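Here is a short briefing on a structure, written for someone who likes to see the cut-offs next to the values. Have a look at the sequence and the model first, then read on.

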Amino acid sequence: MKRGGSVFNRVVMALVFLFLYAPVFLLIIFSFNAGNSNMVWKGFSLTWYSQLFHNRLIMQSVYITLLVSLLATLIATIAGTSAAIGFYSMRRRVRSPLMTVNNIPMMNADIVTGVSLCLLFVAFFAFWGNFASWFNSLGLFQLPVHLSMGFGTMLIAHITFNIPYVILSVGPKLRQMDKNLIDAAQDLGCTWMQAFWKVVLPEIKPGIVSGALTAFTMSIDDFVISYFTAGSSASTLAVTIYGMTKKKVNPQINAVSTLLFVTVLLLLAAVNIREARLEQRLEAQRRKS
């Protein structure tokens, strides 16, 4: 009975994985198709990858996507780590409701976050236009009156939804740290900043790296929030692909989607390998002690 149940569970698991990844594998296979069909195989070719790297629109979108993701990851990692340390130093009665507020953006629907940020930027631009018109009438110097959504608004939006992921990655590492380490370092002559760089930062470094990789993955994979906050002057790769699908489906979409899938897969593998190695080191240290 137990053996039959085990076989059934494996079959169900195989069917679930087939359902989830069959479309992705089909997309990857036809990205190497010599023809422009997603149904008929006409031979192996790298034609669509070659055309992809000569497509100015897609390459510009790739550049914007990587730039936004890297900048958002860097800023969100610094801000999220600082916020996590601030939460760690608070009392539990104060920290608990703030952590609940921090979790809301992750549980909230992306479309709600995107529309909310879009309305916020529109309201701010209207206020800025009135303020700039009044200020320019003073004759001191001229401020731009008309602002519009673009790269800057999209970057702010990505930073906003990345910070909570960094906080949740760094927070557990801070709670695992011995609270007496900072006091011991200061008793040995370290200033608070020296204690942070030499004691706290090495202890929470795995959480910071994990949070940064998660933020980068979420940022490079985002579509909905970018769609509502990018405006018409900037476009990420996901938004560009969405615009291309409105017309005839170009096989270059298969190629760029394959590269994006492989990139995210490598990032996830890097995170898992790093965590596995860290667990092995901790286990080795426990055995020695």
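Phe 228 has a relative accessibility of 25%, so it counts as partly exposed; the class lies between buried (under 20% relative accessible area) and exposed (over 50%), with a 1.4 Å probe and protein chains only. This is a predicted model, in which local features need pLDDT of at least 70 and side-chain atom pairs count only at pLDDT 80 or more, while totals for chains, interfaces and linings use all residues. Residues are numbered from 1 along each chain as its sequence is written, and side-chain values use heavy atoms, with hydrogens and water left out.

**Aromatic pairs**

- Rings of Phe, Tyr and Trp (its six-membered ring) pair if their centres lie within 6.5 Å; planes under 30 degrees apart count as stacked, over 60 as edge-to-face and the rest as tilted.
- By this rule the chain holds 15 aromatic pairs.
- One of them joins Phe 223 and Tyr 242, and this pair is tilted because the planes stand at 55 degrees, with the ring centres 5.2 Å apart.
- That pair links distant parts of the chain, 19 residues apart: Phe 223 sits in the loop between helix H8 (192-221) and helix H9 (224-229), and Tyr 242 belongs to helix H10 (residues 237-245).
- Tyr 227 and Phe 228 make an edge-to-face pair, with 5.6 Å from centre to centre and 90 degrees between the planes.
- Elsewhere, one aromatic cluster is formed by Phe 121, Phe 124, Phe 125, Trp 128, Phe 131, Trp 134 and Phe 135.

**The chain as a whole**

- Eleven helices and zero strands make up the chain's elements; helices (H or I, at least four residues) and strands (E, at least two) are DSSP runs, numbered from the N terminus.
- The radius of gyration is 24 Å, whereas a compact globule of 289 residues would have one near 19 Å; the value is taken over C-alpha atoms, and the globule rule is 2.2 Å times the number of residues to the power 0.38.
- Along the principal axes, the C-alpha atoms fill a box of roughly 80 × 75 × 35 Å.
- Buried residues account for 34% of the 289 in the chain.
- Of the contacts (heavy atoms within 4.5 Å) with a separation of 6 or more, 70% are between residues 24 or more positions apart.
- The accessible surface is about 18,600 Å², and carbon and sulfur atoms provide 67% of that area; areas come from the Shrake-Rupley method with a 1.4 Å probe, and for residues only the protein chains shown count as cover.

**Helix H3 and its neighbours**

- Helix H3 (residues 56-88) has 33 residues and spans 47 Å from first to last C-alpha, close to the expected 48 Å, where the expectation is 1.5 Å times one less than the number of residues.
- Asn 55 caps the N-terminal end of H3, with a side-chain oxygen 3.1 Å from the backbone nitrogen of Leu 57.
- Such a polar contact is a pair of N or O atoms within 3.5 Å; within protein, one must be able to donate a hydrogen and the other to accept it, and residues adjacent in sequence count only if both atoms are side-chain atoms.
- Ile 64 lies in H3 and is buried, at 9% relative accessible area.
- Leaving out residues up to four places away in sequence, Ile 64 touches Phe 151, Met 154, Ala 234 and Ser 235.
- Ile 64 and Gly 150 are 86 residues apart in sequence, with 11 Å between their C-alpha atoms.
- Gly 80, also in H3, is buried at 0% relative accessibility.
- Beyond four places in sequence, Gly 80 touches Ile 163, Val 166 and Ile 167.
- The side chain of Thr 81 comes within 2.6 Å of the backbone oxygen of Thr 77.
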